[in-house]
Amino acid sequence: MDKSQVSVVRSGECVEADPSPGVVREQAFVRAGMWSGRVTTEPGTVSGWHHHGDHDTSIYVSEGVLRLEFGPGGTDVVRAGPGDFVHVGKGVVHREGNPSEVSSRLIVTRAGQGAVTVNVDGPDAP
């Protein structure tokens with residue numbers, strides 16, 4: 001077996017990734033068409049509005065609470081807790097919040113092409 005086909009990134013080896021106000025993204029892997037890492041949001045914090053371009057996003061909530069706002073005027077909301085998975089489709093403008101009293105930690109994988117994160121002015125921005 002070709003050992004170059006398997007790799008490990010240890011917890012302390014992740015690198016800071018594409019920022020949005022209010023969240024810390026850490027990149028574990030980036031490959032053609034795929035991004036994988038973790039996102040931490042402190043208690044009471046809400047990120048800036050953004051989307052992930054031509055990437056589908058799969059989120060696993062490992063700790064804390066994720067409150068995701070999206071849709072016209074940002075009025076649609078989903079809430080997820082430890083053990084839950086959330087899918088965010090390509091180009092969906094959203095922001096993440098953490099309404100709990102503990103840090104939230106998300107494991108995120110994106111599949112697609114182009115810019116991984118595009119920060120925008122509001123929920124109805126392109």
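Leucine 106 touches Gly37, Arg38, Val39, Ile59, Tyr60, Val61, Ser62 and Leu66, leaving out residues up to four places away in sequence; a contact here means heavy atoms within 4.5 Å. The structure is a predicted model, in which local features need pLDDT of at least 70, side-chain atom pairs count only at pLDDT 80 or more, and totals for chains, interfaces and linings use all residues. Residues are numbered from 1 along each chain as its sequence is written, and side-chain values use heavy atoms, with hydrogens and water left out.

The largest nonpolar core has 14 residues, and those with the most contacts inside it are Ile59, Leu66, Val86, Leu106 and Val108. A nonpolar core is a set of buried Ala, Val, Leu, Ile, Met, Phe, Trp, Tyr and Cys residues joined through side-chain atoms within 4.5 Å. Buried means under 20% relative accessible area, exposed means over 50%, and partly exposed lies in between (1.4 Å probe, protein chains only). The elements that give two or more residues to this core are β3, β5, β6, β8 and β10 (104-113). Strands (E, at least two residues) are DSSP runs numbered from the N terminus.

## Salt bridges

Side chains of opposite charge can pair when their charged atoms come close. A salt bridge is a side-chain nitrogen of Lys or Arg within 4 Å of a carboxyl oxygen of Asp or Glu, and by this rule the count comes to 5 salt bridges. In one of them, the side chains of arginine 38 and glutamate 26 meet at 2.8 Å, N to O. Arginine 38 lies in strand β3 (residues 34-41) and glutamate 26 in strand β2 (residues 24-31), so this pair ties together parts that are 12 residues apart in sequence. Both arginine 38 and glutamate 26 are buried. A further salt bridge joins the side chains of lysine 90 and aspartate 54 (3.8 Å, N to O). This pair links distant parts of the chain, with lysine 90 in the loop between β8 and β9 (94-97) and aspartate 54 in strand β5 (residues 54-63), 36 residues apart. Lysine 90 is partly exposed, with a relative accessible area of 47%, and aspartate 54 also counts as partly exposed, at 38% relative accessibility.

The side chains of glutamate 69 and arginine 95 meet in a salt bridge as well (2.7 Å, N to O). Glutamate 69 belongs to strand β6 (residues 66-70) and arginine 95 to strand β9, so the pair ties together parts that are 26 residues apart in sequence. Glutamate 69 counts as buried at 12% relative accessibility, whereas arginine 95 counts as partly exposed at 25%. Salt bridges that share partners join Glu26, Arg38 and Arg105 into one network.

## A nonpolar surface patch

Tyr60, Phe85 and Ile107 form a nonpolar patch on the surface, with about 300 Å² of accessible area together. Patches are made of residues with over 30% relative accessible area and no salt bridge; like charges are joined within 9 Å, and nonpolar side chains (Val, Leu, Ile, Met, Phe, Trp, Tyr) within 5 Å. Accessible areas come from the Shrake-Rupley method with a 1.4 Å probe, and for residues only the protein chains shown count as cover. Phenylalanine 85 is found in strand β8 (residues 85-88) and counts as exposed, at 63% relative accessibility.

## Threonine 40 and serine 104

Threonine 40 has its place in strand β3 and counts as buried at 15% relative accessibility. Apart from neighbours within four places in sequence, threonine 40 is in contact with Val23, Val24, Glu26, Ser103, Ser104 and Arg105. The C-alpha atoms of threonine 40 and leucine 66 are separated by 10 Å, while the two residues are 26 residues apart along the chain.

Serine 104 is found in strand β10 and counts as buried, at 2% relative accessibility. Its contacts, again leaving aside neighbours within four places in sequence, are Val39, Thr40, Thr41, Glu63, Gly64, Val65 and Asn98.

## The loop between β1 and β2

Serine 20 is in the loop between β1 and β2 and counts as buried at 4% relative accessibility. The side chain of serine 20 makes a polar contact with the side chain of asparagine 119 (2.6 Å). A polar contact is a pair of N or O atoms within 3.5 Å; within protein, one must be able to donate a hydrogen and the other to accept it, and residues adjacent in sequence count only if both atoms are side-chain atoms.

Aspartate 18 lies in the loop between β1 (15-16) and β2. Beyond its neighbours within four places in sequence, aspartate 18 is in contact with Arg25, Trp35, Val116 and Thr117.

Conventions: Helices (H or I, at least four residues) and strands (E, at least two) are DSSP runs, numbered from the N terminus.
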